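Student: Hi! Could you walk me through this structure?
Tutor: Happy to, let's look together.

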Amino acid sequence: MQFNLRTVVPSLIVLAVAVLPLLAPTTQVLLTLALSKGLAVLGVIVLLQAGQVSFGHALFFGVSAYAAAFVGKGFGGGELFSMLAIGVVASLAISVVVGLFVVRYRHIFFGMLNLAVSMIFFSLLEKFYHVTGGSDGLSVARPLFLGIEMEREGFEMVLFYLVLVLALGAAWLTHRFLNSPIGNMMRTIKTNEVRLEYLGVSARNTLLVGYIVSAGLCGLGGALAAVAQGVVTPEYAWWIRSGEFVFIAILGGSGSVGGAFVGSLLYEAVRTYASAFAGDVWQMILGIVLLFVILFAPSGITGLFARLTGRKASPASEEAGQ
Amino acid sequence: MNPQLFALAIFDGIAYAALVFLVAVGLTLIFGVLRVLNVAHGSFYAMGAYATASVGAAIFAAGYSPWLAFPLMLVAAVLVGVIVGGPIEKLLLSRIYEMEEVLQILVTFAVFMILEDVQRLIWGAQPFFEASALMALGNVEVFGITYTAYQLILLPAVAVSVLIGLRLFLRRTLSGKLILAVTEDREAATSIGINAERVYLVTFIVGASLAAFGGALASATTSVQPGMGADMIVLSFAVVATAGLGQIEGAALAALLIGLGRSFAIYLWPELEVLIPYLIMLLVLLIRPEGLFGKSRTRKI
């Protein structure tokens with residue numbers, strides 16, 4: 001059998017992530033949150049394929065988190081899967097409305113309009129505190145799991161493996177999506193949109209599909225993060241959070257689905273330990289890391305890995321590295 | 001809404017618009033020339049405010065005249081532009097002009113993150129409040145309303161002079177024309193011997209100084225605290241996008257529109273205060289996708 005570094009290393013990473021909480025229980029919540037964020041980053045990566053960057057994708061993260069929280073509150077505790085489903089549906093619904101508007105714009109305007117919409121949502125969350133709890137947010141009670149009430153440790157363990165499975169599933173589906181005809185059309189928006197239209201394809205509709213997919217991924221991540229954290233705050237929809245998603249996407253490598261999770265695991269690890277040991281300057285450390293990645297490894301960690309193993313990770317990462 | 005409140009809302013709006021304009025015009029100038037949307041722009045605003053408030057507090061405590069606040073603001077603005085802005089363009093931005101837009105924005109986002117912590121390290125997390133300049137100018141009475149002369153006269157006057165000065169500078173002076181030439185076509189400008197790198201550097205320093213100047217002026221009217229840069233950058237983005245990227249006169253009008261919209265919201269519907277800038281921007285872009293004064297670019301195949 002051929003020993004292939006390109007398949008062995010990712011499998012080892014997945015295995016390590018799956019086993020780590022058993023060996024070091026303190027890392028479990030951290031990993032759950034990192035993977036939830038990774039799902040949102042995956043959404044950002046979908047849009048990056050079309051060369052568009054959204055500085056407001058925390059909107060969908062926040063919409064879904066709040067929807068999940070409301071379901072939890074409205075039905076006395078709530079049930080995990082219905083919370084996730086309603087969270088994702090809510091962000092999909094919002095993404096259709098917002099998407100129809102923003103896909104008419106490109107580049108900076110696309111980014112700025114997303115930012116504006118997310119800021120509107122953020123301010124609404126802060127201002128209407130009788131509904132949303134204002135800047136204190138809402139607490140999310142531990143939901144039932146398939147109708148079973150669970151203890152804290154057991155639930156956190158179940159939630160972690162659920163997130164892991166969902167992350168792997170989402171990564172695989174997104175990979176399939178990006179290599180499907182519509183995924184390729186999205187990449188054409190980046191390289192040459194007019195040519196795409198000459199082929200008779202509507203660039204706006206293509207981008208809209210990508211936008212909805214990316215919002216769905218952000219929504220899944222948001223609802224999971226809300227359950228894992230046990231509290232939702234307007235900070236979920238803040239623009240710094242959106243910037244963080246884009247940051248992680250570039251850090252991990254915007255060309256491949258694996259980059260989203262490698263990036264978010266690394267990011268959360270650096271953030272947690274940097275804020276513990278270098279409280280005042282963790283943001284500075286992250287900024288410097290980001291600068292180094294962009295200047296010296298523009299295709300991110302996965303791009304670096306692909307270069308080290310001497311192969312191209314995928315056609316997409318090659319493009320992102322240009 | 002009685003006439004007095006109406007006038008108050010207008011005064012508030014104009015004073016606020018003047019400050020926002022100073023920041024937004026720097027942002028739009030930098031974008032117009034460098035084609036880089038500078039996320040770190042809000043940090044220059046915050047640093048200008050911090051520098052003025054902290055140094056001001058020290059010299060006024062030592063018994064110097066409060067009128068020194070005005071030259072101090074100018075000095076602080078220029079220093080922030082040169083010492084902070086200069087190296088950022090020279091060492092960092094100059095390497096990324098060939099990169100794709102997303103990465104350029106992210107580089108300035110990284111600079112923003114770094115500068116946020118730099119501010120915290122230098123000035124701490126305690127808010128500063130230093131209103132000597134505001135007091136020194138006293139109050140004026142218009143339509144039976146007492147208002148500070150600083151906000152009602154000085155701020156709009158400064159904003160208008162910056163607008164006129166910038167226009168004259170770009171159209172009438174040699175350096176201004178060089179900037180316009182590089183904006184129009186960098187390659188052609190370079191080929192006739194214009195030092196484009198220097199033009200970029202000077203533009204960035206001027207833009208950064210304008211933001212810092214806005215911060216310096218704002219420091220007399222509000223408490224200076226962490227997070228003020230982040231709030232300002234999002235707001236000035238809204239102004240710049242509403243006006244159309246790179247539009248200097250447009251930025252003045254958009255700042256006024258957003259400033260007035262915001263101050264009327266404060267009196268009529270306070271919950272909407274924060275939303276108004278974004279709602280105005282969304283409405284404008286819905287009707288005019290390139291902003292109020294933006295020109296649509298031809299598509300290249």
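**Where the two chains meet**

Tutor: Let's start with the interface: 32 residues of chain B are in contact with 35 residues of chain A. Two residues are in contact if their C-beta atoms, placed from the backbone, lie within 7 Å.

Student: Which elements give two or more residues to the side of chain B that touches chain A?
Tutor: In chain B they are helix H4 (101-123), helix H10 (228-243) and helix H12 (276-287). H4(B) gives the most, with 14 residues. Helices here are DSSP runs of H or I with at least four residues, strands are E runs of at least two, and both are numbered from the N terminus.

Student: And how many residues on that side of chain B are nonpolar, polar or charged?
Tutor: On the side of chain B that touches chain A, 25 are nonpolar, seven are charged and none are polar. For the classes, Ala, Val, Leu, Ile, Met, Phe, Trp, Tyr, Cys and Pro count as nonpolar, Asp, Glu, Lys and Arg as charged, and the others, Gly among them, as polar.

Student: Before we go on, where does the model come from, and how do the labels work?
Tutor: It is a predicted model, in which local features need pLDDT of at least 70, side-chain atom pairs count only at pLDDT 80 or more, and totals for chains, interfaces and linings use all residues. Residues are numbered from 1 along each chain as its sequence is written, while chains are lettered from A and ligands numbered from 1 in the order in which they are written.

Student: What is the mean pLDDT of chain A?
Tutor: The mean for chain A is 81, and 93% of its residues reach 70 or more. pLDDT is the predictor's confidence in each residue, from 0 to 100.

Student: Where in chain A is confidence lowest, and where is it highest?
Tutor: Confidence in chain A is lowest in helix H14 (residues 315-320), with a mean of 43, and highest in helix H9 (residues 203-229), at 90. The pLDDT is below 50 over residues 312-322 of chain A, a stretch that has 32 contacts in the model beyond near neighbours in sequence.

Student: Is B:Val102 buried or exposed?
Tutor: B:Val102 counts as buried because it has 22 C-beta neighbours inside 10 Å. The rule is that a residue is buried if 20 or more other C-beta atoms lie within 10 Å of its own, exposed if 12 or fewer, and partly exposed in between, with C-beta atoms placed from the backbone.

Student: Okay, zooming out: how many helices and strands are there in chain B?
Tutor: Chain B has 12 helices and two strands. Chain A has 14 helices and two strands.

Student: What about the strands in chain B, how do they pair?
Tutor: Strand E1 (residues 139-142) and strand E2 (residues 145-148) of chain B pair in the antiparallel sense over four bridges. Strands pair if DSSP finds at least two bridges between them. B:Asn139 has B:Thr148 in E2(B) as its bridge partner. The hairpin of E1(B) and E2(B) has two residues between the strands, and B:Phe143 there takes a positive phi near 50 degrees.

Student: Which residue other than glycine has a positive phi near 60 degrees?
Tutor: B:Arg35 has phi near 60 degrees. B:Arg35 lies in the loop between helix H1 (3-34) and H2 of chain B, and is partly exposed because 15 other C-beta atoms are within 10 Å. Most residues other than glycine have a negative phi.

Student: Last topic: which domains does the assignment give for chain B?
Tutor: Chain B has domain 1 (41-226) and domain 2 (227-294), with bounds that come from an automatic or database domain assignment. Their centres, taken over C-alpha atoms, are 19 Å apart.

Student: How many residues does each domain of chain B give to the contact?
Tutor: Domain 1 of chain B gives 13 residues and domain 2 of chain B gives nine. On the domain 1 side, helix H2 (41-61) and helix H6 (149-172) of chain B each give two or more residues, and H2(B) gives the most, with six.
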